[in-house]
Amino acid sequence: MTGSRLSVLPRGGDAAYLDGPLPLAERNVSVGGVGGSVNDVLLAARLAAGDDRALGEVFDRLAPTVYSAALRVLGDEATAQDVVQDVFVELWSRPSRYDPSAGTLHAYLVVLARHRAVDLVRSELRRVARQERSYRLIPGQPAPSTCEEVMASQVAAAVRTAIRQLPDSQRVIIELAYFRGLSCREAAQAVGIPEGTAKSRLRLALAKLEAVLDRELLESL
Amino acid sequence: MTAKIRAPALPLDLRDRVLAASMRARAAGRPDPAAPEIPPTEAFSRAAGAFDGTLSVLRGADWAKPALRGLDVQGLVGHLAGVEEDVQRCLAGDPAVAAADHVESTQDAAERQAGRPPEETRAEWRRAADRTIALVRAADDRAEVAVHGMRLPLGLLLVVRAFELWVHENDIRAATGLPGSTPDASTLSLMTGVAVQFLPVAAARASLAEPTSVHLVLTGPGGGTWDISLGPAPDPAAAAPADVAIVTDVLGFCRLAANRATPSSLDLHVTGDPDRAAAVLAAATALALD
């Protein structure tokens, strides 16, 4: 055996050795530059490769926009920060879900933030509605804490505002269905309209709510 | 229309919180999707299968085309049959192959192919490769072996051999006008792991003079991210070693490690000291995993 013997530790922990001469390195080495622009395709590839620095770069570049989009829907800073965390964890956990050929990383993250925020609002609306029904059905049970009330109020504020903007005929159906817990048939009977009409108004109302939330979001971009 | 909400500044701790939660969800360095893990024997077996697949499409005249180091395609296949013979001697415990020169030791096997029908050369290599596969399947991957100046665990040798077969397969493909081939992600993942593992050795041999922290990102299936310390051990009293980040395609990096590409031919994205990065890439070239 000739030459010096150098060791490295392989993943398994056993020492490995390379002996003998290695060819001389080529001399005409040059390197490319990163440049100033951030390339979404490259970022996506780096994220897929497990490059944690890439995630930091994406955060620095896009977190304010993601936060703004979430805050626009939710109206609550703490919950919007949670959405920012959810969005970036999702990007890191499943990087292949972002397809650079389908759009910019900016748009992808904003859409993720919007969906997550709207999901939270819907979930909160359902919780508030369940709670209100519960108070009516079981008088005397402990009231929610001040903190819970504040949270619920903040999270649902944007959607409540949107509901108030609906035409009366649609707003009444939403309130009956979501806040009084009536089925579509019961809501139709309460208003004195056919069930099909009630369903139609409910669909229209939900579509308008979505549109209002979307418009608010677009304005924030 | 509702009034616009002006978002307040992000809290200072949000970045750390988000990055920590992300790393809990997926550890840094781990590619997604991760390639299915395979044992080194399987990687070697797959590389041999791919090599044989390339040989199977060659036409008669292709075997006489110049391929590498003065060898034509047929001679190169003969060289590989000779490598298999040396590996089998190594597995049998023959100390003579431990320090044998990789090229010199197989020269006879390469030269004896001259004038033979190509199918005989292919059959000789295939038999030799199959014999190696049968022997290593019965052996312990962790057992230390010594051949051609390398002393390393058998599993590691098999991945180095998979690397070698892929490189020479592509030498033949280039010589005969065929497009390059890409190993499957599982095999490539093992190959990149070996190349990265040997990088500190190569850096020492390439005389990387200063301690250097390298953040290496290899993109594409079979890639990943590594943080490696190269060069001499840093002086604890001195400032932190220079940090260099290198991002490139995994296949390009493997070609670099096989001495089949130069850094300037790769799609590289480097941050940090460019001279230091160039020294690291030169070290990767010095790996010469062929």
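Reader: pLDDT is the predictor's confidence in each residue, from 0 to 100. What does chain A average?

Author: This is a predicted model. In chain A, 63% of the residues score at least 70. The chain's average pLDDT is 72.

Reader: Which residues of chain A have pLDDT under 50, with 82 contacts beyond four places in sequence?

Author: Where pLDDT is low, the predicted coordinates should not be read in detail. Residues 217-221 of chain A are below 50, with 10 contacts beyond near neighbours in sequence. The stretch with 82 such contacts, beyond four places in sequence, is residues 1-37.

Reader: Are α2(A) and α3(A) parallel, antiparallel, perpendicular or oblique?

Author: Helix α2 (residues 52-74) and helix α3 (residues 77-93) of chain A pack with axes 8 Å apart. Their angle is about 135°. Antiparallel needs over 145 degrees, and perpendicular ends at 115. So the pair is oblique.

Reader: How many nonpolar residues are in the contact of α2(A) with α3(A)?

Author: The crossing is right-handed. Among the contact residues are A:L55, A:F59 and A:V66 of α2(A), and A:V83, A:F88 and A:W92 of α3(A). By class, 2 are polar, 1 is charged, and the nonpolar number 14.

Reader: Which helix gives the most to the side of domain 1 of chain B that touches domain 2 of chain B?

Author: Chain B is assigned domain 1 (40-181) and domain 2 (187-286). In the contact, 10 residues of domain 1 meet 6 residues of domain 2. On the domain 1 side, α2 (40-56) and α6 (154-175) of chain B each supply at least two residues. With 6 residues, the top contributor is α6(B).

How values were computed
Residues are numbered from 1 along each chain as its sequence is written. Chains are lettered from A and ligands numbered from 1 in the order in which they are written. This is a predicted model: local features need pLDDT of at least 70, side-chain atom pairs count only at pLDDT 80 or more; totals for chains, interfaces and linings use all residues. Two residues are in contact if their C-beta atoms, placed from the backbone, lie within 7 Å. Axes are lines fitted to C-alpha atoms, for helices over the stretch in contact, and angles run from 0 to 180 degrees between N-to-C directions. Helices (H or I, at least four residues) and strands (E, at least two) are DSSP runs, numbered from the N terminus. Angles under 35 degrees count as roughly parallel, over 145 as roughly antiparallel, 65 to 115 as roughly perpendicular and the rest as oblique. A crossing is left-handed if the near helix is turned anticlockwise from the far one by less than a right angle, and right-handed if clockwise. Ala, Val, Leu, Ile, Met, Phe, Trp, Tyr, Cys and Pro count as nonpolar, Asp, Glu, Lys and Arg as charged, and the others, Gly among them, as polar. Domain bounds come from an automatic or database domain assignment.
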